[in-house]
Amino acid sequence: MIESTNSYPEYIRTSLASAIALRFRSGRFYRDVKPYCVNLLLTYPDYCYANCAYCGLARTRPANEGNKSFIRVEWPILQTSKVIERIAKYQQNIRRVCVSMVSHPMAVSDTLNITKAISRSSQIPISVLIAPNLINEEGLLKLKDSGADTVGIGLDAASKGVFERTRGKGVKGSLSWENYWDVLGRAVRIFGLNKVSCHIIVGIGETDRELADIFFKIHELGALIHLFSFYPEPDSNMSKRRRPSLKRFRRVQLLRHLVETNCIEPEALEFGASGKNIGIKTSNGKIKEAIESGLPFVTGGCCSRGAQAVLGSGDIACNRPFGSYRPGEPFRDFPFHPEPHDITNVRKELHLEEIAVDNEVLPR
Amino acid sequence: MAKHEEIFLPDDLYYDRKDHLWAKLEGGKVRVGLDMFGQKAAGTAAYIKILPVGKTVQKTRAFGSLEAGKYIGPLKAPVTGKIVEINNEVIANPRLVNTDPYGKGWFVIIESANFDNDIHDLVHGAENIQAWLDAEYKDYMEKGLFAEE
């Protein structure tokens with residue numbers, strides 16, 4: 001039984017982009033990017049009970065006192081009631097709100113109450129990034145009743161081995177790979193096809209083969225794949241780990257798109273002994289078409305209410321500008337539809353001439 | 001000193017209308033920094049890059065860049081001249097741009113080649129600065145660049 005007090009916590013974190021969009025913080029965005037999703041994160045004095053090696057909120061992160069970074073930037077702590085007021089005030093600029101749980105005993109009831117409060121005060125669609133270790137089928141149904149139309153699950157790891165090393169026994173964490181898959185399946189059944197997203201971080205120790213395998217598995221299940229490029233959080237267990245190269249991330253983005261748009265089957269992919277993708281067999285110009293569309297490289301995120309969850313349409317609400325890269329670096333994912341000069345750069349960054357691509361005349 | 005809400009602009013400085021760099025004449029040299037409009041709109045500064053001492057910069061051309069959490073933009077010279085000093089303290093601690101924009105947050109000192117000619121389009125004088133500040137404040141609020149109380 002999920003206890004509910006009908007009151008939400010007094011304080012909540014917002015992403016820096018959301019704090020600027022809601023005008024809690026002064027600031028602007030490079031290339032005048034507009035953040036379309038307000039990202040909220042539950043916050044507690046005793047933080048998150050999980051201990052994921054790459055995460056800024058990890059239980060054992062030594063620099064966890066005070067207002068430290070999470071996903072690269074500061075997440076300001078604000079009064080929840082004021083955040084809800086501002087969401088209603090600026091709802092014409094906002095396409096979606098996302099409430100992210102952390103692993104904490106109060107997280108489920110707090111998420112339900114915040115979701116209800118937001119849905120009462122505005123018409124904006126709401127996603128919830130759930131903590132599968134805390135929520136069961138009853139909780140998922142209550143989330144849907146409270147006003148959430150989609151849920152996300154931060155699986156993050158592309159394989160059980162990576163999961164165990166970064167989130168499970170390898171870091172004295174309590175999370176379970178099997179539990180995540182169980183809840184992912186239940187969420188798809190309750191919320192519907194393409195109404196559940198699964199987050200995967202690229203660059204935390206997985207191979208290309210593992211990424212491809214997980215993409216096909218998630219797609220077959222009926223969930224969407226939202227990619228993140230690993231960015232080392234200072235003082236986290238993975239603070240010294242190098243980020244994935246831009247070339248690798250671009251190729252993974254392309255691969256995800258080809259899987260989600262049913263352009264390739266598993267047999268179309270060739271891997272080297274180390275699990276590196278060394279070949280793609282496709283035909284009919286699908287790869288060229290995908291690259292020229294720019295869609296594989298748009299930020300993977302939940303869409304707005306009006307938009308259908310068309311796979312690979314690029315019509316997103318949750319665009320997370322500069323979420324996993326600095327504004328002074330090349331875009332890892334584009335929070336807008338890439339312009340022609342961006343696509344020219346993407347073509348170069350992919351270096352597809354280095355891998356075997358059958359039956360395609362590729363743009364250079 | 002010109003003031004509107006929490007924004008203030010000292011009267012003795014010269015201000016670039018578009019990019020909000022300030023210039024302060026110190027003998028034959030010009031100290032350069034970013035005014036409160038520029039630093040607030042950029043957000044909390046995270047990285048600053050500046051050309052090395054000895055480089056000559058042209059007025060309106062970049063002598064460096066400022067990067068914040070979600071923004072990066074050029075720092076454009078308000079006057080033409082040779083960079084004779086750079087502020088290593090602000091490179092090491094970019095937040096000084098936000099916390100002390102007219103003091104420790106300066107960027108460079110430029111040996112100006114033709115200061116009198118370069119300043120003709122910069123805003124100067126108490127009344128001019130106040131009028132410009134009032135108009136800019138309204139514009140920045142309308143564009144949503146400043147936080148609301």
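Student: Which residues have a positive phi although they are not glycines?

Tutor: Arg31(A) is one, with a positive phi of about 60°, and Asp32(A) has a positive phi of about 55°. Arg31(A) sits in the loop between helix H1 (16–21) and strand S2 (37–41) of chain A, and Asp32(A) is in the loop between H1 and S2 too.

Student: Are they buried or exposed?

Tutor: Count the C-beta neighbours. Arg31(A) has 15 other C-beta atoms within 10 Å, so it is partly exposed. Asp32(A) counts as exposed because it has 9 C-beta neighbours inside 10 Å.

Student: Back to H6(A), then. How does its length compare with what 1.5 Å a residue predicts?

Tutor: Helix H6 of chain A covers residues 177–191, which is 15 residues, so it should span 21 Å. Its end C-alpha atoms are 21 Å apart, in agreement with that.

Student: Which residues of H6(A) are buried, and why are they on the same side?

Tutor: The general idea is helix geometry: an α-helix has 3.6 residues a turn, so residues three or four places apart point the same way. In H6(A) the buried ones are Tyr180(A), Val183(A), Leu184(A), Ala187(A), Val188(A) and Phe191(A). They fall on the same side of H6(A) because they cover an arc of only 140° around the axis. Exposed Glu178(A) and Asn179(A) are on the face turned away from that buried side.

Student: How do I read the pairing of S9(A) with S8(A) and S10(A)?

Tutor: Strands of a sheet pair through backbone hydrogen bonds, either parallel or antiparallel. S8(A) and S9(A) are parallel, with four bridges, and Asp156(A) stands opposite Ile200(A) in S9(A). S9(A) also runs parallel to strand S10 (residues 224–229) of chain A, joined by six bridges. There, Ser197(A) is opposite Leu224(A) in S10(A). S9(A) is mostly covered as well, with six of its seven residues buried.

Student: Which residues have the most contacts inside the largest nonpolar core?

Tutor: Val97(A) and Ile153(A), in a core of 108 residues. If you set aside neighbours within four places in sequence, Val97(A) is in contact with Cys37(A), Val38(A), Leu40(A), Ile87(A), Ile118(A), Ile124(A) and Ile126(A). Another core, of 40 residues, lies apart from it and includes Tyr15(B), Leu75(B), Ile83(B) and Leu133(B).

Student: What about Glu164(A): where does it lie, and what does it touch?

Tutor: Glu164(A) belongs to helix H5 (residues 160–166) of chain A. Not counting residues up to four places away in sequence, Glu164(A) touches Lys169(A) and Gly170(A). Glu164(A) has 17 other C-beta atoms within 10 Å, so it is partly exposed.

Student: Now chain B. What is the strand order of the open sheet of six strands?

Tutor: Read across chain B, the order is S3-S4-S5-S11-S10-S7, with antiparallel pairing. Strand S3 (14–15) and strand S7 (56–57) of chain B are the edges, each pairing on one side only. Inside the sheet, strand S10 (residues 81–86) and strand S11 (residues 108–112) of chain B are antiparallel over five bridges. Glu85(B) stands opposite Ile109(B) in S11(B).

Student: How many residues does each chain bring to the contact?

Tutor: Chain B gives 16 residues and chain A gives 17 residues. On the chain B side, helix H1 (36–42) and strand S8 (62–68) each supply at least two residues. H1(B) has the largest share of that side, three residues.

Student: And what are the confidence scores?

Tutor: Where pLDDT is low, the predicted coordinates should not be read in detail. Chain B averages a pLDDT of 95, and 100% of its residues score at least 70. The model has an ipTM of 0.91 and a pTM of 0.92.

Notes
Residues numbered from 1 in each chain as written. Chains lettered and ligands numbered in written order. Predicted model: local features only at pLDDT ≥ 70, side-chain atom pairs only at ≥ 80, totals over all residues. pLDDT = per-residue confidence, 0-100. Core = buried A, V, L, I, M, F, W, Y, C linked by C-beta atoms within 7 Å. Buried ≥ 20, exposed ≤ 12 C-beta atoms within 10 Å, placed from the backbone. Contact = placed C-beta atoms within 7 Å. Expected span 1.5 Å × (residues − 1). Arc of directions from axis to C-beta. Pairing = 2+ DSSP bridges.
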